[in-house]
Amino acid sequence: MINKNLSPARPGIRPPVNFSQSLPVQNLGGGKDFVRLIALGGFGDVTQNMFVYEYVPKGDLTKSQMIIVDCGVGFPEEDEFGVDLQIPDTKYLDDKKDRILGIFITHGHEDHIGALRFVLPIIGTNIPIFAPRMAAAFIDGRLVEASIRSNMKIYESGDVIAVGPFSVDTIRVNHSVPDTNHFAITTPIGVFYHGSDFKFDLFPLDGKPSDLAHIARVGEKKVIALMSDCLGADHEGFSPSESSIAEKFDHDIKIAKGRVFVTSISSNVVRWGQAIDYGKRAGRKIVPVGYSVNKAIEIAKQLGYVNLTDGDLVDVEKVKNFADNKLIFLVAGFAGQPNSALSKMVMGKHRIKIKSGDKVIFSAPDYIPGTTSHIYDLVDTLSRMGAEVIYGEGQEIHVSGHGFQKEHAILMDLVRPKYLIPIGGNFRHVKSYHTMAKTMGYKDEQLISPDTDAIITFFADGKIDTKLHNQLRKVLIDGLGIGDVGTTVLRDRKLLAEEGMFSVVLLVTKETGVLAKPPVVLSRGFVFEKENADLMDYLNVEINRKFAQVTSKPANFEFIRQEIQAHIESIILEKTGRQPMVLPLVMEV
Ligand SMILES: [Zn+2]
C-alpha cells in the first residue's frame, strides 16, 4: 500500500517554489525557444538520478513538453535512522504531468530506476517508460509488487525513439550492469548528450564494448551540452576492465577449502556472472541468498546474461545436502545494511550462519555514501568469527563501473559539446572533472557547475542561464509509506536507533490469569501516533484477543510476553512494512 499524500508542511522543510506561477510566463527567454534541464534529485548527488529535459516553445511555460531521464532512489544520510530511502522531489512536475512524454531509463541500477514505484503513482502510471531489457525486467518486478501497471516499452541499444519534439538516440556503453545506455537527445534547439553511468571497457566479459562509432556520429552534430557521469573523474588513466579481476577472483574461489560467500551490489549482474562461472568451474553449486539477489540472478538467467541452468542452483534450504567445499553463496548486504542477508548471517539470525573456515569475498566498493562504518564493522566481525575476508579495491577483487579520466577525455573528444555539465558525482568529482577538461582545452565559460537545485536554461543562440532555482525538498521513504517521516520521528530514532520502539504494558493477576487493567500501548520513533489512530485501535483489539488465547491459570508471564511480541511484530510488519523494536512488559499485580 503506498501512501501518496506528501504531508505539506513538515518541520524543517521549506515549501517549494512553483516557478510557472511565481515568474511572469510571457517574455521568458524573450519569447524565444529554450530547453530547461533540472535535476529533481539534485545536481552534485551520486544517487537519486532523475533529470527533466523541458522544451519551452516561444518561452511559454504553459506549452512546454518534457521527457524525464531515469528515476532513481537515494540512500539517506547515516543520521536518518531507520529511513530506508530518499526519492527525487517531483513537485516541479505537479502542474505539468500531462506534458511528460516519456521516462527514458539508461540502465537498471536502483539509483536510476528505484523511485519509479513511488513516483509513477504521483506523476501518472500511463506515462510511457522506455527501458532497455534488463532494466525493464527489474522495474517490472518492483512495479508488480506495488500493484502498479506501467506503460513499459523496451528498446534495444541503437534504437532511436521519437516523442513529440524530442528524438532520443540510444547508445550502448559499459557499466556494472548489462544493457547500459547513453542518450543523444535531439531537441528543436540542438542536441544534448546524456552520458549517465559508464565506462569504456575494451575487454568486456560479454564481448560487447561501448559503441564509440555511434558516439562519434553524434559528435558530428551540434551538441549543446554533455551531461557526463563524473564519479571516476578523480582517478587517472583508464578504469580497469572487468576482465582484470577475473584471474584473482577465480583463484580466490578455486583455492577455498570451505564455503565461499561472495557479496556485491545485488544488481551487479556482471559480477554475479563471474562468481557463477568460477564457482561452477570449482565444482560448486550456486546458492543465491536474499530476495534482491535471487531476483537479479533469475532475471539475468532468463535473459541469458549469466551461464546458469537450474541444475547449477541449490536452494538455500537444501544446502545441508552438500559438503562445504561444494557451495558458493551469492549474498546481498556488502554495505552492512542491518536487514540484509549477510548481516543476519553474521548476527546468527539467518538460516545460514557464518562459521570459522568460511571465505567471504567482498567484490564491491568499500565506500558507499553513508555506509562505510557498517562495511568495516562487518569485515571486523567476520574476521573475529574466524572467516577469511577478502575486501577492498587494493585486493583487485573489485573494479569500478565508472570511467576514469581517460574515458572522460575520449567522451568529450567524441561528443565535442559546447558545455560540460558533470552529473552523478559529488562536487569534488565535478571539480576534478572540470580541472581535467581544462587540460583538454575547454574554457571556464564552458564548464558548468550547477547548484544542487539549479534550473539550467539553454537558448537557441547558444547562451545559457543557471540563475533560476527549483527548491528541492527531502522526500524520505520509510517502509511502505511516502514522506510520512518528519524530523520529530527522526530525532526519536536517533535515541532509539533504527526502526523505533513499540511497547505494551500488560498488568496481569498471576493466579487467575486475568488482565487487571486494559493494556497500555506506547510507541516512540515509530510513526506519528495520532496519524495512525486506526492502526493503534486495531493493535489494541488484537492484543486483547491474543491475550485471551495465551493466558492460563496461573499465568505464564514469559509465554504471554513471547506470544504477544510475535503477534504485534507480524501485524506491524504486515500493515506498515516496518520492524520496530517490540517490547511487551507483562507485570504482576
Ligand atoms: Zn549505475
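Colleague: Hi! In which hand does H14 pass H15?
Modeller: In this predicted model, H14 makes a right-handed crossing with H15.

Colleague: And at roughly what angle do the axes of those two helices cross?
Modeller: Roughly 150°, with the axes of H14 (residues 533-550) and H15 (residues 557-576) coming within 10 Å.

Colleague: Which residues meet there?
Modeller: From H14, Leu535, Leu539 and Phe547 are among them, and H15 brings residues including Phe559, Ile564 and Ile571. The residues of this contact divide into 10 nonpolar, 1 polar and 4 charged.

Colleague: Nice. Switching to strands: is E13 covered or open on its two faces?
Modeller: Both faces of E13 (residues 260-263) are covered. Val260 and Val262 are buried on one side, and Phe261 and Thr263 are buried on the other.

Colleague: Why would neighbours along a strand point to opposite sides?
Modeller: Because side chains in a regular strand alternate between the two faces of the sheet.

Colleague: Okay, which strands is E13 joined to by bridges?
Modeller: E15 (residues 327-331) is joined to E13 by 4 bridges, and the two run parallel. E16 (residues 359-362) also runs parallel to E13, again with 4 bridges.

Colleague: What stands opposite Val260 in E15?
Modeller: That is Ile328. In E16, Val360 is the bridge partner of Phe261.

Colleague: Let's zoom out. How many helices and strands are in the chain?
Modeller: The chain has 15 helices and 26 strands. Of its 589 residues, 46% are buried.

Colleague: And what share of the contacts with a separation of 6 or more comes from residues 24 or more positions apart?
Modeller: Those account for 75% of such contacts in the chain.

How values were computed:
Residues are numbered from 1 along each chain as its sequence is written. This is a predicted model: local features need pLDDT of at least 70, side-chain atom pairs count only at pLDDT 80 or more; totals for chains, interfaces and linings use all residues. A residue is buried if 20 or more other C-beta atoms lie within 10 Å of its own, exposed if 12 or fewer, and partly exposed in between; C-beta atoms are placed from the backbone. Two strands pair if DSSP finds at least two bridges between them. Two residues are in contact if their C-beta atoms, placed from the backbone, lie within 7 Å. Axes are lines fitted to C-alpha atoms, for helices over the stretch in contact, and angles run from 0 to 180 degrees between N-to-C directions. A crossing is left-handed if the near helix is turned anticlockwise from the far one by less than a right angle, and right-handed if clockwise. Ala, Val, Leu, Ile, Met, Phe, Trp, Tyr, Cys and Pro count as nonpolar, Asp, Glu, Lys and Arg as charged, and the others, Gly among them, as polar.
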